[in-house]
Each structure stands twice: as structure tokens, then as C-alpha cells.
Amino acid sequence: MSNAFIAAARRRRTQYSLGRDLPLSQADTIALIQEAVRQSPSSFNSQSSRAVILFGDESLKFWGFVKDALRAIVPADAFAPTEAKIDGFAAGAGTVLFYEDSAPVKALQEQFPLYADNFPVWSEHATGIAQYAVWTALSEANIGASLQHYNPLPDAAVAAEWDIPSTWTLRAQMPFGSHAAPIGDKTFIDDATRFRVHG
């Protein structure tokens, strides 16, 4: 199959071994992330997805908050592997924090009460699409990334540090950076288990 989107999707993989030497400038990396989120669809064009982009020491600060939160709940004698994992995320050039803003969601619930129960669900769809779009765009720029979910552990510290609006909810974190090691192949379940076609 010859398709540019499918080719990009095939290149997108989880990269845990990150470095700080990006192939793009910081300004171009920011523009890439912003455009990927901007072009991501959302229900009723609500544009509820938000992103906080952290570089350098600011990214390190975020992973420090995560580590502090985990230290409070992981037994001390078992913390070393957890710390090593977090340090691996912190080794990258930056981190994207993906948020969903409840304000446009609530506005749509009030405007279209018949669909009120669905708008929060559709908001979760929107953030997933935005995350995938950013991840794929970074991959196309030869930037490694992975998707993490340490929320809500660091949420309060992060909100205080970067003045996050109260209507924003942290949904995922994406550490990114240069490829410090090869990426392994992805395995797939059998198509007969996953797909059904009729007609």
C-alpha cells in the first residue's frame, strides 16, 4: 500500500531512549506541535484540547514533580526501577502535557442538552486524536517520543508551577527527544481477531 499517512503511522513508535539533541530548532518543534494539535478534529469543533510544551529545565522540573509524587507511594526499597524509568523520560529534550478544557465541553452540554452525556466522552476522543497527531508529527521529524499517564499524581504541583487554569485537566504526558537507541518492531494481533468486513 502506497499512502503517505499510513507510511507515517508505520514510523510512529514508542521511544524510551531519549536524548536532548533535536533535529529541529526549538521554535520549529513548538510550531510542529501546535499545528498538529490545531489540525486535530474535535466534536462540534469544540477545540477542547490544550498543550503545555516544556523544554530543558522546565521539562526536568515536571519529571521531578512526578518523581516526588511517586516517592510518596512507592516503597523505598522498590523505588530504584521507578526512578530510573522517570529519569529516562527526563533525559529527553522536552515534554508535552496534554490537557482537556472542560469549559467548551460544558458550553456544548448547555447548548445541546440532548447530547450532554456524550460531550465528555467526545472530549476524551479529541485528546487522544491530538496526542496521536503530535506523536506522528514528531516521528515524521525524526523525533522520538512516548505517551505516559502519571496524572493525577503531579497535577496540583504542575498547576501551581505553570498557572494552569482550573478548567484544564491533565490527560497525558509525552516526553520527546532525539533517538538515543534503535526502536524495536511492533507486533500485531491476527487480523481475523480484530476486523470484520461485511458487504
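Predicted model: local features only at pLDDT ≥ 70, side-chain atom pairs only at ≥ 80, totals over all residues.
Ser 178 lies in strand 5, which covers residues 168–179, and, if we leave out residues up to four places away in sequence, Ser 178 touches Ser 17, Leu 18, Gly 19, Arg 20, Asp 21 and Leu 22.

In soluble globular proteins, nonpolar side chains tend to be buried together. Here the largest nonpolar core has 19 residues, and those with the most contacts inside it are Phe 62, Trp 63, Leu 97 and Val 158. At least two residues of this core are supplied by each of strand 2 (49–55), helix 3 (56–71), helix 4 (79–90), strand 3 (94–101) and helix 7 (155–162), with helix 3 giving the largest share, five residues. If you look at Val 158 on the structure, and set aside its neighbours within four places in sequence, you will find Val 158 in contact with Phe 62, Phe 65, Leu 97, Tyr 99, Asp 163 and Ile 164. There is also a second, separate core, of 18 residues, which includes Val 37, Phe 55, Leu 138 and Phe 176.

Now to the helix pairs. Two packed helices are described by the angle between their axes and the distance between the axes. For helix 3 and helix 4, the axes come within 9 Å and cross at roughly 165°; angles over 145 degrees count as roughly antiparallel, and therefore that is how helix 3 and helix 4 are described. Helix 3 passes helix 4 in a right-handed crossing. On the helix 3 side, the contact is made by Leu 60, Trp 63, Val 66, Lys 67, Leu 70 and Arg 71, and on the helix 4 side by Phe 79, Thr 82, Glu 83, Ile 86, Asp 87, Phe 89 and Ala 90. By class, the residues of this contact divide into eight nonpolar, one polar and four charged.

The other pair is helix 2 (residues 26–38) with helix 6 (residues 119–140), which pack at an angle of about 140° with their axes 8 Å apart, and helix 2 and helix 6 are therefore oblique to each other. Helix 2, too, passes its partner, helix 6, in a right-handed crossing. Which residues meet where helix 2 contacts helix 6? From helix 2 they are Thr 29, Leu 32, Ile 33, Ala 36 and Val 37, and from helix 6 they are Ala 133, Val 134, Ala 137 and Leu 138. This contact has eight nonpolar residues, one polar residue and no charged residues.

Conventions. Residues numbered from 1 in each chain as written. Heavy atoms only, no water. Axes fitted to C-alpha atoms, helices over the stretch in contact; angles between N-to-C directions. Helix = DSSP H or I, 4+ residues; strand = E, 2+ residues; numbered from the N terminus. Parallel < 35°, antiparallel > 145°, perpendicular 65-115°, else oblique. Left-handed = near helix turned anticlockwise from the far one by under 90°. Contact = heavy atoms within 4.5 Å. Nonpolar A, V, L, I, M, F, W, Y, C, P; charged D, E, K, R; others polar. Core = buried A, V, L, I, M, F, W, Y, C linked by side-chain atoms within 4.5 Å. Buried < 20%, exposed > 50% of the residue type's maximum accessible area, 1.4 Å probe, protein only.
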